[in-house]
Amino acid sequence: MDVEGQIWFDDLRSFIADRRMERPITPRERLDIEAEMQCRIIGGALIPWLERYGPRLVRQRGALSAVMGVEEDPFIVFTSTEPGLVAADLIVGENARVLYLYPDEYRTWLAERPDERFRWHVHYRSYFREADASFDPPLDDYPLAPGESYRIHTEGTMLGTSFGRTADHLWKWNGKELTILMECFRQAIS
């Protein structure tokens, strides 16, 4: 890693430390039942990403590093909602190459210290959200009972300008548990 990239990452680490003073990560035992299930699912996606998928993607990026003008061994920045950050705190903890923060904090950081070409870092995100009006999978195959609602688990990796992957997975929440209905109902590769 070049000196400029190391400074960028170290400054991001300090930025995150300041944010955690203002907005600490919730202890796992204080998560409600849905957030706890999301924590498990996001953590269950984060581990294989860190061990297998992420390194494979970074190797692909490394093969193009000279053309793209990026570092071969970038830092990893993970963003998520509260359940995902609880999982990351347990899985990643203190790490010399991986940092994790909320999406709004990441956007704020990049506005202050851009890395538009992803020269020094790759970004992995994983979070749940409720389905909104734009949601359009084949719902006839997955009808809801009273009191149930859809959740979308979004995962995505950005490795460079126009070099990323994303996938949305369809889940159902019934007030007691999350159930997977369809993996990768929507995905994109650039």
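Where is the place of phenylalanine 118?

The model is predicted, and local features need a pLDDT of at least 70, side-chain atom pairs count only at pLDDT 80 or more, and totals for chains, interfaces and linings use all residues. Residues are numbered from 1 along each chain as its sequence is written, and side-chain values use heavy atoms, with hydrogens and water left out.

Now to the opening question. Phenylalanine 118 sits in the loop between α5 (103–112) and β3. Helices and strands here are DSSP runs numbered from the N terminus, with at least four residues of H or I for a helix and at least two of E for a strand. Phenylalanine 118 has a positive phi of about 55°, although it is not a glycine. For comparison, most residues other than glycine have a negative phi. With a relative accessible area of 12%, phenylalanine 118 is buried. Buried means under 20% relative accessible area, exposed means over 50%, and partly exposed lies in between, using a 1.4 Å probe and protein chains only.

Let us turn to the sheet. Six strands form an open sheet in the order β2-β1-β3-β4-β5-β6, and the pairing is mixed. Two strands pair if DSSP finds at least two bridges between them. At the edges stand β2 (98–101) and β6 (178–189); each has a single partner strand, so one side of each is left without a neighbour in the sheet. On average, neighbouring strands of this sheet are turned by 15° against each other, direction ignored. Such angles are taken between axes, which are lines fitted to C-alpha atoms, for helices over the stretch in contact; they run from 0 to 180 degrees between N-to-C directions.

Helix α1 (residues 3–22) lies across β1 (75–79), β2 and β3 (121–130), and runs at about 40° to β2. Contact means heavy atoms within 4.5 Å.

I now come to strand β4. On one side, β3 and β4 pair in the antiparallel sense over eight bridges, and tyrosine 127 stands opposite threonine 154 in β4. Eleven bridges join β4 (residues 149–160) to β5 (residues 163–173), and these two strands also run antiparallel. Serine 149 is placed opposite tryptophan 173 in β5, and glutamate 155 opposite alanine 167 in β5. β4 and β5 form a hairpin with two residues between them, and serine 162 in the turn has a positive phi of about 55°. How many of the twelve residues of β4 are buried? Ten of them are, so the strand is largely enclosed by the rest of the structure.

The next topic is charge. The structure holds nine salt bridges, a salt bridge being a side-chain nitrogen of Lys or Arg within 4 Å of a carboxyl oxygen of Asp or Glu. One of them joins arginine 151 to glutamate 34, with the closest N and O atoms 2.6 Å apart. Arginine 151 lies in strand β4 and glutamate 34 in helix α2, so this pair ties together parts that are 117 residues apart in sequence. Both partners count as buried: arginine 151 has 8% relative accessibility, and glutamate 34 has 14%.

Glutamate 148 and lysine 172 form another salt bridge, their closest N and O atoms being 3.6 Å apart. Glutamate 148 lies in the loop between β3 and β4, and lysine 172 in strand β5, so the pair ties together parts that are 24 residues apart in sequence. Salt bridges that share partners also join Arg20, Arg23, Asp104 and Glu105 into one network.

Arginine 28 and glutamate 36 meet through their side chains in a salt bridge of 2.7 Å, N to O. Is arginine 28 buried or partly exposed? Arginine 28 is partly exposed, with a relative accessible area of 32%, whereas glutamate 36 is buried at 15%.

Arginine 28 also leads us to cysteine 39, which touches Arg28, Leu31, Pro83, Val86 and Ala87, not counting residues up to four places away in sequence. Cysteine 39 is found in helix α2 and counts as buried at 4% relative accessibility.

Isoleucine 47 is partly exposed, with a relative accessible area of 37%. Thank you for your attention.
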